[in-house]
Amino acid sequence: MSELDLFEARFAAAYRRYLDKAPRQLDAAAVVRTVTAQPRGRAIAWPWTFRPLVLRPAQALAWLVILGILLALVAAGIFVGSQHQRPALAFVCPPGSTSNTPGPVDQVRPPGFSGMAFDRRAGRLVTLWDTETWTFDVCTNTWLQMHPTQEPPTSAVGPLVYDVDSDVTIGAFGPDEAPGNMWAYDLEANTWMEKGPFAPFAHPILSSLSFYDPVSGRVVARADDGDDDTLGLALWGYEVETDTWIPMSPAEPLVIGPHYEFFAYDASVDRLIAYARTWGPADAIGNRQFGTKTWLFDLRTGTWSGTDAVTPPNFSAGMWGYAPGIAYDEAAQRTVMMGQGYSAAYDASEDRWQMVYETPTEGPKCGTRPECLQAPDLLFDSVNERLIVYGGFFASADLDFADIMAFDTRTGDWTVLLAAPQ
Amino acid sequence: MTGVTTVGSMSAALHEAAAGDEAAFTRIVTAYHWDMVRVAFGVCGEPELALDAVQAAWLVAWRKLRNVHEPDRLRSWLVAVAANEARDIVRHRHSGSVVELVLEPPDADAGDPAAEIDELDLRNALAHLKPEERSLIALRYGAELDSTEIGPLLGISASGVRARLSRIMGRLRKELDDV
């Protein structure tokens, strides 16, 4: 920590005096006896008070809650495994929340929305429409226009990424399609702060903010290396407090031939998961041979490793299809892809893909069920532990998807959070 | 921090207590109970709740001492456990402020940067913070941990700790500092 300024020193001194009024009495042996002999869930008296063996209702309730939390943690440790880390300061919906009930359909809402980020400290999606800042509360399924005093001066909204460390949503906004400057939105203070320029990529085409790296505590921007035949990346980490870009380990290019790929960061193995689809030359009647493979990228060393997982062939892009949605599902610890009537999930710890759903009639005949969505956007709602699905369209009905839905990949349940306006 | 504690003595106590030695655990309780109560009090603002939180923290500590592999981090780990327990108690007990807001008395020292901060003002200002924000304040200014110690305890980076503290202190400054 830096040296205390005058106010901080005054505060620290006053705070220490305040804490000195905390109760000092202690019978250490009694504390230890209580702790080591205590059967869980029984009402007890704490040794420093020497009061009767009676707990007030509020205290008893508090203890029940604590014991419940402890038991839940133990159970979670057994059933979920040690790698699923929940943020220490996680937000929870207040009692009486209606996160599973669709929000009022006649509510005021943004005219549209594209890039969104999930502010996990506030339990809200954050987005921009034109130059308006909006948030969507996942506990009540309602939109709120924020009206900060300053907003990014652009209508070109690229990806937004929530920076967990700094508790701000990060975006890069510039005139037209240019990356422009970095901006940080502090939801609690309802303030946008303009920062310096976007990452200094050598090949800025196809570069964008991509994901939050919990190891470095930085938001990472990613660019393709510009070579159609190589699986190559350029990565820069952005530290908002100092407004600086830090280059990450240079990627070791991997030649796999013509391809396209989709990425998501999997926190459970600290790797970028790449779903890559390659294609060979066309035969006489124009049919091409496709191959799909899953690759892992080690952010710390800049190296790729191929996996043996049988990779589903269903997700295509470019002139043969629409880019699927992809996101890491923290609750299920799987990378989920969705589009073209299919959803599949990759478990990196087991190196295995599993189909989540397959529509019996893919493509144009699929209809307007949520499974039929083309090119949706996905992001993980850490409060309700499910994916948020938005954007995209139904090819069969030539209809944009204007709902906001939630999808639990573990149960296959869809929940309408907000239906499209009438 | 309790003055008689040394890392060496606590290293042995930690090892023995982790193996189930209650006398060693008693030495740990004696050494760190007060640090934990102060931090819990900073989060709860109420003496009885702070004591309840610390008792719950000792229960956690007894069960998980084996997970503490570095004796010199025992104190920071214990105060963080106490802060977490205090935060949970406050959250489940009531979602509002921890102390009643009281009208400010006239402050003759207002405007003097060297003047002491009035305790009533301080309590009111702390009451406006969320429990997790009071946890950060308690760990930094109560337990006097630095950001590199707090970060791993809360699962965030040191820079993240600094950023949050800076934001919280900015708000406290507005409330408490007239300069």
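# Exercises on a predicted two-chain model

In chain B, 47% of the 179 residues are buried (20 or more other C-beta atoms within 10 Å of a residue's own, C-beta atoms being placed from the backbone). This is a predicted model: local features need pLDDT of at least 70, side-chain atom pairs count only at pLDDT 80 or more, and totals for chains, interfaces and linings use all residues. Residues are numbered from 1 along each chain as its sequence is written, chains are lettered from A, and ligands are numbered from 1, in the order in which they are written.

## Exercise 1: chain B

State how many helices and strands chain B has.

Solution. Elements are DSSP runs numbered from the N terminus: helices are H or I, at least four residues, and strands are E, at least two. Chain B has eight helices and zero strands. Its order from the N terminus is α-α-α-α-α-α-α-α.

## Exercise 2: H5(B) against H8(B)

Classify the crossing of helix H5 (residues 119-127) and helix H8 (residues 158-176) of chain B.

Solution. Step one: the angle. The two axes come within 10 Å and cross at roughly 140°. Axes are lines fitted to C-alpha atoms, for helices over the stretch in contact; angles run from 0 to 180 degrees between N-to-C directions.

Step two: the class. Under 35 degrees is roughly parallel, over 145 roughly antiparallel, 65 to 115 roughly perpendicular, and the rest oblique. H5(B) and H8(B) are therefore oblique to each other.

Step three: the contact. H5(B) supplies B:Asp121, B:Leu122 and B:Ala125; H8(B) supplies B:Leu172, B:Glu175 and B:Leu176. Contact requires C-beta atoms, placed from the backbone, within 7 Å.

## Exercise 3: H6(B)

Decide whether helix H6 (residues 131-142) of chain B is enclosed or open, and say why.

Solution. Count the buried residues. Twelve of the twelve are buried, so H6(B) is largely enclosed by the rest of the structure. Among them are B:Glu132, B:Glu133, B:Arg134 and B:Arg140. Now look past the helix. B:Glu144 follows H6(B), with a positive phi near 60°.

## Exercise 4: a sheet in chain A

Give the strand order of the open sheet in chain A, and its pairing.

Solution. The order of the four strands is S5-S6-S7-S8, with antiparallel pairing. Pairing takes at least two DSSP bridges between two strands. Neighbouring strands are turned by 30° against each other on average, direction ignored. Next, S7 (residues 181-186) of chain A: five bridges join S7 to S8(A). A:Asp186 stands opposite A:Thr191 in S8(A).

Technical notes:
Contact = placed C-beta atoms within 7 Å.
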